[in-house]
Amino acid sequence: MSAATPEAVEKPATRRRAGASSSPGQNGLVLVNYSKSVLVEDDTGSVYRCSTRRNLPQVVSGDRVTWEPVGAQEGVINAIEPRNTVLQRADSANRIRVLAANIDQILIVAAPHPVHDVFLIDRYLVAAELAGATPLLVVNKSDLLDPRAAGTSGDDLKEYAAIGYVTLMTSARENVGIDDLAQALANRTSILVGQSGVGKSSLINRLLPELDILIGKLSDASGKGCHTTTTTTLYHLSHGGDLIDSPGVRDFRLGETAPADLARGFREFRPYLGLCRFQDCRHLSEPGCAVKEALRKGVISERRLASYAQLANGGTGT
Ligand SMILES: Nc1nc2c(ncn2[C@@H]2O[C@H](COP(=O)(O)OP(=O)(O)OP(=O)(O)O)[C@@H](O)[C@H]2O)c(=O)[nH]1
Ligand SMILES: [Mg+2]
Ligand SMILES: [Zn+2]
């Protein structure tokens with residue numbers, strides 16, 4: 001288990017204070033919610049196992065809370081401070097689930113194996129854009145990139161760089177690109193997301209070797225790791241900034257999203273939004289559509305527009 005034990009968690013270089021709260025207690029930062037208990041760190045770096053007051057919404061990693069000690073290393077959470085940003089998804093019943101709070105950056109990790117899914121990446125990008133967090137694409141396992149093998153060459157990931165997304169190439173195994181990654185993470189709160197087995201926890205182990213999180217051994221049969229991450233956990237980086245590890249996903253549902261928001265979530269569409277003949281154009285089959293015109297001019301790719309259309313038509317891609 002990749003648990004953040006109080007001993008294992010590094011003290012951050014700087015601590016931000018939560019805004020003033022009317023609830024009694026002191027400020028705390030949620031490291032991990034184990035469902036039966038929540039690890040909350042106080043302003044001095046001590047970690048307390050907390051329960052939550054009834055009627056509170058679910059607390060998540062990155063939440064700033066007010067809490068009160070109860071006994072030596074235990075406490076109770078009284079309130080959640082307003083969240084600046086949330087990464088959320090819809091569950092199979094279309095209920096919104098918040099995955100993490102107060103994040104500045106969403107690192108979408110992909111790899112040649114298990115083979116990446118560009119539609120999944122597109123959905124994460126939309127979620128990041130709509131959350132107001134900066135998305136970054138991390139192509140891990142660069143040691144496995146094979147320029148000759150279809151699907152493992154990473155060529156289709158190049159279009160993300162072309163439309164302006166920062167793309168980092170890393171190999172957790174061979175310690176490649178880790179310095180650039182560390183630089184991108186400094187003094188920000190970031191979360192690693194992506195399919196199971198792409199190397200999210202391995203990247204954290206490279207950044208914080210003293211943690212030694214258990215990582216998955218990829219079984220060739222299932223493609224799934226056996227030490228797969230099961231809880232979302234916040235770690236402090238040595239040079240400032242926090243990094244949240246999250247369990248791998250097979251699917252990522254956005255939940256109901258208004259067409260206008262969806263279109264904004266495709267960053268390269270933005271210059272054309274508002275220029276269509278119809279104000280409520282959904283950019284599907286309407287005449288006089290500026291987005292379609294950009295497609296004809298080759299500024300917007302067929303694949304990305306198809307991805308948008310699938311989401312606009314209510315598809316989840318699974
Ligand atoms: N070749 C290669 N293998 C890697 C690299 N990074 C991680 N792996 C291997 O990929 C497997 C899965 O790594 P994890 O770090 O557990 O992947 P994860 O994304 O955290 O997976 P979940 O916790 O299930 O979401 C392990 O066997 C790692 O050794 C890399 O850069 N190159
Ligand atoms: Mg993991
Ligand atoms: Zn249009």
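This is a predicted model: local features need pLDDT of at least 70, side-chain atom pairs count only at pLDDT 80 or more; totals for chains, interfaces and linings use all residues.
## The second largest pocket

The pocket holds about 450 Å³ of space, and of its 21 lining residues, R89, V98, L99, T232 and P247 sit closest to the centre. A pocket is an open set of points on a 1 Å grid over the protein atoms alone, where a 1.4 Å probe fits, with protein on both sides within 12 Å along at least five of seven lines; lining residues have an atom within 4 Å of a point.

Which elements give two or more residues to this lining? They are β6 (86–90), β7 (96–101) and β11 (189–194), and β7 gives the most, with three residues. Helices (H or I, at least four residues) and strands (E, at least two) are DSSP runs, numbered from the N terminus.

## The magnesium site

The magnesium ion (ligand 2) has S201 (OG) and T229 (OG1) as its protein donors, 2.0 to 2.2 Å away. S201 belongs to helix α4 (residues 200–207), while T229 lies 28 residues apart from it, in the loop between α4 and β12 (233–236). Donors are N, O and S atoms within 2.8 Å of the metal (3.2 Å for Na, K and Ca), and water is not among the atoms, so the site may look incomplete.

S201 is buried at 8% relative accessible area, and T229 is buried too, at 12%. The cut-offs are under 20% for buried and over 50% for exposed, with partly exposed in between (1.4 Å probe, protein chains only).

P114 is in the loop between β8 (105–110) and α1 (118–131).

N175 isn't a glycine, yet has a positive phi of about 55 degrees. Its loop runs between β10 (167–169) and α3 (178–185), and N175 is partly exposed at 44%. N187 also has a positive phi, near 60 degrees; this residue sits in the loop between α3 and β11 and counts as exposed at 61%.

## The whole protein

The protein has seven helices and 13 strands, and 49% of its 318 residues count as buried.

## Conventions

Residues are numbered from 1 along each chain as its sequence is written, with chains lettered from A and ligands numbered from 1 in written order. Local features need pLDDT of at least 70 and side-chain atom pairs pLDDT 80 or more, while totals for chains, interfaces and linings use all residues; side-chain values use heavy atoms, leaving out hydrogens and water.

Definitions and conventions. Grid points are joined across faces, edges and corners, and a volume is the space filled by probe spheres set on the points.
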